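Hi there,

Here is the structure I promised to pass on. Have a look at it first, and my notes on what turned up follow below.

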Amino acid sequence: MEHLLTIAILLPLASAFLAFLLPAKKPGAIRALALFATGVSLLLTLYIFSQFDRQDAGYQFVKSIEWLPSLKVNLKFGVDGISMTLLLLVGIVSFCGALVSHEIHDRQKEYYILFLALTTGISGTFCAMDMFFFYFFYEMAVIPMYLLIGMYGSLPAGKHGRTKEYATMKLTLYLTAGAVLALIGLLTMYYAGGKTFDMVELKNNLRLAGSTQKWVFACLLFGFGFLASLFPFHTWSPLGYAAAPTAASMMHAGVLKKLGAYGIIRLALPLLPEGARHWVDLLAILCIFNILYAGLAALTQKDWKFVIGYSSVSHMGYVMLGIATLNVIGVSGAVLLMFAHGVMAALTFSLIGFFYHQTHNRNVPDLSGLARKIPFIGVCMVMAAMASSGLPGFANFASEIMVFIGAWHQGSTVFRIATICAVWGIVVTATYLLWAVRTSFFGPFDEKWNMLKDATTLKQKFPYAFLLAVLLVVGFWPRSLTDIIKPSVQRILATNSHRLAQMEKQ
Amino acid sequence: MNLYATQLECLLVILGLGTLLTDAFRPGGDRRKLGYLLATLVTITLLYSFTLAPTADTFFHGMYRLDSFALFFKRLFLLATAFVLLMGAEFVERFETGVAEFYALVLLAATGMLVIASVNDFILLFVALELVTITFYILTAFLRRQVQSLEAGTKYLILGALSSGFTVYGIAYIFGTTGTTNFDKLATLLSAGGSGSAFLLGMLLVLTGLGFKVASVPFQIWAPDVYQGAPTPVTAFLAVGSKAAGFALLLRVMLAGLLPVSAVWMPVLLVLAAATLGYGNLGAISQRNIKRLLGYSSIGHAGYMLMGLAAGNALGSQAVLFYLGQYAFTNLCAFLVIIAVGREEIADYAGLGKRSPILGAALFLAMASLAGIPPLSGFFGKFQLFAAVIEAAQTNWHYYILAGIGAGAVVVSLYYYFNVGRAIYIEEAKDTTPIPVSLPVRAGLYVCMLAMIGLGIYQQPLVEAATLAAGIFGLK
């Protein structure tokens, strides 16, 4: 049973090695292997989800292999409610990403190797119970991401004269800058916790003075904040997504970005309570910028991918606001929103990829009346826009409400203001998304788009329908996930307040 | 007993002299095959070296040691030598004459390095160091009709002579104030107290002199020019062998002989490490020639390794050894590709991934490993060095500044390493003819790639060897 989780995580990487041995002349076999690996991973994840003990807030399916005794590193995987939710997200998005990758025709072998390695990097980070391997998998995404964007991406010329090479280099440098900043914090925790990378042991052993906690927390917050596109470290994000090929945008906006927020929830919140108290007000203010500034920036964009790119920066503001509340409902809302936004972003990027592959143009004003030729894609896009704007019935609604309640409940003036701004942010989101959908999918039909072909077969429709179905199922039945998220969040915050109480006693 | 301890060196000398004789007996022989043969023989010597057991005894009146530290470095040098001979064989057409002499000089330099691994006395240190350095003067200028190569040789000669002067001057001060050149006796004397300012001056002079070999500030200027001008196999030997020899000496001198006065040299190394990191990484940004880029990068990597030495703890010294081990595979991989491609401008590498998938993949992996990205071995090397610095920072907060500079250097280095990566995979090739790769080079590349990925994922074997080797210093 414990092995299943390890298999689900490592299967894509093992397949990447296998694909390396296959001849490049047989792209069909390599693609089939990628679909098989991500598909089986998803099925295993679903099985683990079905067997997940909903009463238990701790780690389950724990499997530990001694790796490097001299530094006390263990290859240790396990899932609690938060990891489970996010692992599910990885499974769903990576499988759909592999499905929509049929648009890649050139250098398929390298493409699928990189894609599979990326998948393991992300799921490994979500499930690692050892800080070393957490960081190892976290950084492992760098090479695949750089090459996926650089080799297969496209950036229509004219956007500030930036090329895809610029975009992918910027993304890589920003993410690494964040990672090494976080590394300094993590290593300080390693020594303060009596030389252990094990997250559970660390929870029991870590002793850090309040003043040290403050800067270590800052290292983690801003280090991981780079990846979570926290204002003002977000500028890599819209550009990177715009340049990336469809599946890479889906993986990055959908899942990879969540690693940043996950790192803060998993490591910074429970272990550095005093640091957290110190920084949450500033974090809430930065979130306002994320939500409103990125939202307003999205309003001015013409390129579909830039619109969604800024929109995802804006949505990460809600996630970070949820984290900043430090209460159960807020942080749980943030986790659920990570899931909901991940699915939604993957859906939107895959839809854009669908028509961009045929039109080679994703400028909103150039597109018009597309819904007449591609009604299925049009309907999905309308639904995605509604989900993104937080309409009830979609998972995003449930999670955003939780964040708002959590933030309001937090009580301080900063958070009250942040809540009001965040609610207004939804209006901004609705404005740009509805504008973009209306302009490009409705309105007078332009004859030059006559050659467009809709997704007609079940095989073509499946990834979009699947992602949409996930959003609706979780939207109507959020307890399917919140039931497992909440206990784990509670446990993390309990550790946090328990530590704080301890420190005050001393 | 003394012969037993120096058997590896003796083997190399015999090989070297034998190679010289082939010119007399078979002047027209196939020099490429000779290179392959020598590389194979050195590989066999390397395998044979694993039968030797480390011993705590000293040889030649306490001047020479054959402990686990010495064996670790001897194996590293033998590995590098085998690869350099293979490179030399591939480079045969580009040497006009004297291929056999080239092989012989490489083998003699290797002998010097093997002695360096074992030195336990300042006199032997100087002799071995000069054996290596003087051979390298010839090797760097080996393409005698190329101005660049001659310039490289001259630069290396002048700065090398200057730094040798520093070293020997420093040794004189140390001997003059303590009356001994033996590391063990020195450590005993120093821990008993009493180190005047004349002694400290001598120590600093030795430190800076040895800094020349590892290309650290203030003797780093030569590296880019010499790396660019020297024949590529020699550049590889400089980057892998000579640098490791410098670190072997630094570790042995600082940690075996001068550990009692570590309070003096640790801050010096801290500053030198930071300066070296900054110089190497900032200088590399604008480079267009890949060998020159690797020259700056090698300065940068000297900075990372000095971080481990400056930390002055067990993890730090172990991390330096691990780093050198994996750095050898990574750099050899990069230089093998450069020799196979035969061009030096980074722009010439455009579309290499399509022209030759194996060369493209190998060079990209080498660059990513140098940049320190998992799952490659360079990542774990840097991870340990940072861990060592943070450990030192728990007692002295200044080390956090060093860690911060190191972190910044990692980000900067990613830029220039990935610029090479961009050429390989993203840019379109101007010239799309496939590049032929000979079977021995292919084998060498597979060994290096396997080592980079293998040591990146499963670090235990090298960590264990490095821990054993660094264990002789008894640091905490």
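**The nonpolar core**

The largest nonpolar core has 407 residues, and the members that touch the most others in it are A:Val343, B:Cys333 and B:Val389. A nonpolar core here is a set of buried Ala, Val, Leu, Ile, Met, Phe, Trp, Tyr and Cys residues joined through C-beta atoms within 7 Å. Buried is a matter of counting: 20 or more other C-beta atoms within 10 Å of a residue's own make it buried, 12 or fewer make it exposed, and anything in between is partly exposed, with the C-beta atoms placed from the backbone. Helix α14 (residues 328–359) of chain A gives the most to this core, namely 20 residues. Domain 1 (1–257) and domain 2 (264–476) of chain B each put in at least three residues.

Before going further, please keep in mind that this is a predicted model: local features need pLDDT of at least 70, side-chain atom pairs count only at pLDDT 80 or more, and totals for chains, interfaces and linings use all residues. Residues are numbered from 1 along each chain as its sequence is written, while chains are lettered from A and ligands numbered from 1 in the order in which they are written.

Back to B:Cys333: leaving out residues up to four places away in sequence, B:Cys333 touches B:Ala362, B:Ala366, B:Leu445, B:Cys448, B:Met449 and B:Met452. Two residues are in contact when their C-beta atoms, placed from the backbone, lie within 7 Å.

**Where the two chains meet**

Chain A brings 24 residues to the contact and chain B brings 24 residues. On the side of chain A that touches chain B, α5 (131–140), α6 (142–152) and α7 (164–192) of chain A each supply at least two residues. Of the elements there, α7(A) gives the most, with 13 residues. Helices and strands are DSSP runs numbered from the N terminus (H or I over at least four residues for helices, E over at least two for strands). Sorted by class, that side of chain A has 17 nonpolar, five polar and two charged residues. For the classes, Ala, Val, Leu, Ile, Met, Phe, Trp, Tyr, Cys and Pro count as nonpolar, Asp, Glu, Lys and Arg as charged, and the others, Gly among them, as polar.

**Inside chain B**

In chain B, 41 residues of domain 1 are in contact with 44 residues of domain 2. On the domain 1 side, the elements of chain B that give two or more residues are α4, α9 (197–214), α10 (222–229) and α11 (232–257). The largest share of that side, 14 residues, comes from α11(B). By class, the domain 1 side has 31 nonpolar, seven polar and three charged residues.

How do helix α4 (residues 68–90) and helix α14 (residues 314–341) of chain B pack? Their angle is about 0° and their axes are 11 Å apart, so α4(B) and α14(B) are roughly parallel to each other. The axes are lines fitted to C-alpha atoms, for helices over the stretch in contact, and angles run from 0 to 180 degrees between N-to-C directions. Angles under 35 degrees count as roughly parallel, over 145 as roughly antiparallel, 65 to 115 as roughly perpendicular and the rest as oblique. Residues making this contact include B:Phe72 and B:Phe83 of α4(B) and B:Leu332 and B:Phe335 of α14(B).

**A few single residues**

A:Thr38 sits in helix α2 (residues 27–51) of chain A and is buried, with 27 other C-beta atoms within 10 Å. Beyond its neighbours within four places in sequence, A:Thr38 is in contact with A:Pro12, A:Ser94, A:Phe95, A:Ala98 and A:Thr119.

There are cis peptide bonds to check as well. One runs from A:Phe231 to A:Pro232, with omega near 0°, and A:Pro232 is in the loop between α9 (210–227) and α10 (236–243) of chain A. Another joins B:Pro374 and B:Pro375, where omega is about 5°.

Finally, A:Lys72 is not a glycine, yet its phi is positive, near 55°. A:Lys72 is found in the loop between β1 (60–68) and β2 (73–79) of chain A.

Best wishes

Technical notes. Domains from an automatic or database assignment.
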